[in-house]
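This briefing is meant for someone meeting the structure for the first time. It takes up strand pairing, then the ligand surroundings, the cores and a few single residues.

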Amino acid sequence: MFNTFKKLFGLLTRRQRRDFYVLQLLMLLTAGAELVGVASIMPFMAVAADPQLIVSNDYLHRVYVFFGEPSTDVFLTYIGGAFILLILLSNGLLLLSQYLMNNYAHRLGGEFSVSVYNYYLRQNTLFHNRKNSADLIQHIMRDTLRLSTHLVAPALRLNGRAFSILLLSALIIYVDVFVALSSLVVLLAVYWFVFYVLRARIYRNGKNVSDYNASRNRLLNESFEGIKDIKLYAAENQLLQRFRGSTREVARALSENMILGQSPYYIVETVVLAGALLVALFLIMQKGDMEAVLPVLALYCMAGFKLVPKVQQSYLAITQIRSAQAPFNSLYEVLKAANRDDRPERDDSPALRPRKSISLDKVGFSYPESGKTLFDGLTLDIPVGEAVAITGASGAGKSTILEILLGLIEPDTGHLCVDGEPLTGQKLKGWRRSVGFVPQTVYLADASVAENIAFGLPVAEIDYERVQTVARLAGAADFIEELAQGYDTLVGERGALISGGQRQRIGIARALYRDVSVLVLDEATNALDNATQEEIFRNLRSAAGSMTLIMVTHREETLRFFDRIYSLEEGAVSVVEGL
Ligand SMILES: Nc1ncnc2c1ncn2[C@@H]1O[C@H](COP(=O)(O)OP(=O)(O)OP(=O)(O)O)[C@@H](O)[C@H]1O
Ligand SMILES: [Mg+2]
């Protein structure tokens, strides 16, 4: 557990650490105030039991004189009032530190969440191809929240409680060493024993909660994304069964950890009540008279009343930390990496416009998890201003070539070159600014048509005139204008309210909206009828001027629009002549 704290602390920024220390100080103060509050019951009880003390005790006498020597009853009321005031003050302080603590924990969880999101956003497409998006969402949303509620908050609470327990124990020990030590030993032994026996189980339950939640998340994600297939293949029951199974496991693990956290309290309560009786008997036998026993006994009860819940809360905090260790461990590497490049990237690199050619120079590439080499020494030359088609069998690697040309994935060997210069680092970002891409399946956000065309821009910055121009170029203007709200029509989640061909045209308009020099299309017109496709090609070629077109296509009849046709076969390209 100590190791977990060390790792967690290593993740904090300087400001977060400073806040942490301030909180610790506040908690120390709170514990001190509580101690004074508890201790102040002693004079009250002492005077109540033996009013003579007002005269015989030096300190009390001075206070008594300070109040102008009132009657015993009135003086008792004063002391009682002071006691209540002190308790009020210490509880107020406790409430405040509790609030600040929770606030800190949640803020920290939120900051972790943002930095993990930032980190995932900036990973390349190869990373995202490999990862299940539901898992990433789980990390960003649920696991970071769990860190704040089950790791950071309990850790702070544990710290605060530890201060109080130490101080209160010291007070009881000061009053009577033997009784204090024996009761403390019993108290801690019970908790330690319970924790020692159960900790493996608590850890396992915590791991189960996050694992089964992750699988529930994945299941939900897939269900709604593939709802049509699910209906077609009547897969509802099977999905429901899997979901029910995981849900039961989560519920079981959560409730079990809850009861494992609470159960020792009942044992301890019994022990403490019996202990209080024993202490009373012991004191009466030892000291003989009630007057001497009462204040000490009152202090014990008070301290016990304050101490036992604190030990219980500490134990609960420890079980929570234990149950959060598994998700923390799985998130730790990500958080560490996220911390390392937390600063937002600068996106002000100027667009890199090609003047002569775009080329692949002896490019070798294979996907990390498929053992087979896709390309080895592939060379491809695309003169600026030409329209180039790439054809080849399905699975030959056409989409992969496009991703390399776009700079979305980096080749293992060889280079992507513009005007003969290899692209790296900052240049690559500039390059991405000057290319537009329409993928095989166009992604539409749940927003208006205009927002989908001016993708990635805040609504206020959308240039509607430009949106209309590019929509016309992409052959999309006619159908958009017929929509109920025109350019302001919402397209539904993932563009559910838009047809396949309309989606492709919105995709083309989007690629054109940014002022690009190269337009890359991956079978981006295969859902269109010939007439619409022809119109779009003619628009692109005439309006775009010197724009370079690179397109993957299977359709014979589109090939005549291109200046040059490359055919991809077994990792090598050849020029197709005579069309
Ligand atoms: N992320 C990935 N991880 C591992 N292998 C991949 C990945 N993406 C594609 N592949 C594999 O790489 C090969 C080339 O894929 P690519 O998508 O480039 O083919 P394609 O020529 O575009 O095919 P299609 O015409 O069907 O779109 C395929 O065998 C595919 O299985
Ligand atoms: Mg493809």
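In this predicted model, strand 3 and strand 8 run parallel and are joined by four bridges. Strand 3, which covers residues 387–392, also pairs in the parallel sense with strand 9, residues 564–569, over five bridges.

- Towards strand 9, Val-388 has Arg-564 as its bridge partner, and Gly-392 stands opposite Leu-568.
- Strand 9 is joined in turn to strand 10, residues 572–575, by four bridges, and these two strands run antiparallel; one of the bridge pairs is Glu-569 with Ala-572 in strand 10.
- Strand 9 and strand 10 form a hairpin with two residues between them, and in this turn Glu-570 has a positive phi of about 45°.

**Thr-548 in strand 8**

- Thr-548 lies in strand 8, which spans residues 548–552, and Thr-548 counts as buried because 22 other C-beta atoms lie within 10 Å, where 20 or more are required.
- Leaving aside residues up to four places away in sequence, Thr-548 touches Ile-358, Ile-382, Val-384, Gly-385, Glu-386, Ser-517 and Val-518.
- Thr-548 and Ala-474 are 74 residues apart in sequence, and their C-alpha atoms are 16 Å apart in space.

- Four strands form an open sheet in the order 2-1-4-5, with antiparallel pairing, and its edge strands, each pairing on one side only, are strand 2 (375–383) and strand 5 (421–422).
- Helix 13 packs on this sheet, where it touches strand 1 and strand 4 (413–418), and the direction of the helix makes about 120° with that of strand 1.
- Strand 1, residues 357–365, and strand 2 pair in the antiparallel sense over six bridges, and within this pair Ser-357 stands opposite Pro-383 of strand 2.

**The surroundings of ligand 1**

- Ligand 1 is surrounded by 14 residues, of which the closest are Tyr-367, Ser-394, Lys-398, Ser-399 and Thr-400.
- Sorted by class, the shell around ligand 1 consists of three nonpolar, nine polar and two charged residues.
- The element that gives the most to this shell is helix 13 (residues 398–406), with three residues.
- Ser-399, which is placed in helix 13, is partly exposed, with 16 other C-beta atoms within 10 Å.
- Not counting residues up to four places away in sequence, Ser-399 touches Gln-440, Asp-522 and Val-552; Ser-399 and Pro-439 are 40 residues apart in sequence, yet 8.5 Å apart in space from C-alpha to C-alpha.

**Nonpolar cores**

- The largest nonpolar core has 62 residues, and those with the most contacts inside it are Leu-405, Ile-453, Val-470, Ala-474, Ala-509, Leu-512 and Val-520.
- Helix 18, residues 500–513, supplies the largest share of this core, namely six residues.
- Leu-512 touches Gly-436, Val-470, Leu-473 and Ala-474, again not counting residues up to four places away in sequence.
- A second, separate core has 53 residues, including Met-27, Val-38, Leu-108 and Ala-180.

**Loop residues with positive phi**

- Glu-69 is not a glycine, although its phi is positive at about 45°; Glu-69 is found in the loop between helix 5 (58–66) and helix 6 (72–121).
- Glu-69 counts as exposed because 11 other C-beta atoms lie within 10 Å, where exposed means 12 or fewer.
- Asp-419, another residue other than glycine, has a positive phi near 50°, and its place is in the loop between strand 4 and strand 5.
- Asp-419 is partly exposed, with 13 other C-beta atoms within 10 Å.

Technical notes. Residues numbered from 1 in each chain as written. Chains lettered and ligands numbered in written order. Predicted model: local features only at pLDDT ≥ 70, side-chain atom pairs only at ≥ 80, totals over all residues. Core = buried A, V, L, I, M, F, W, Y, C linked by C-beta atoms within 7 Å. Contact = placed C-beta atoms within 7 Å. Near = placed C-beta within 6 Å. Nonpolar A, V, L, I, M, F, W, Y, C, P; charged D, E, K, R; others polar. Pairing = 2+ DSSP bridges. Axes fitted to C-alpha atoms, helices over the stretch in contact; angles between N-to-C directions.
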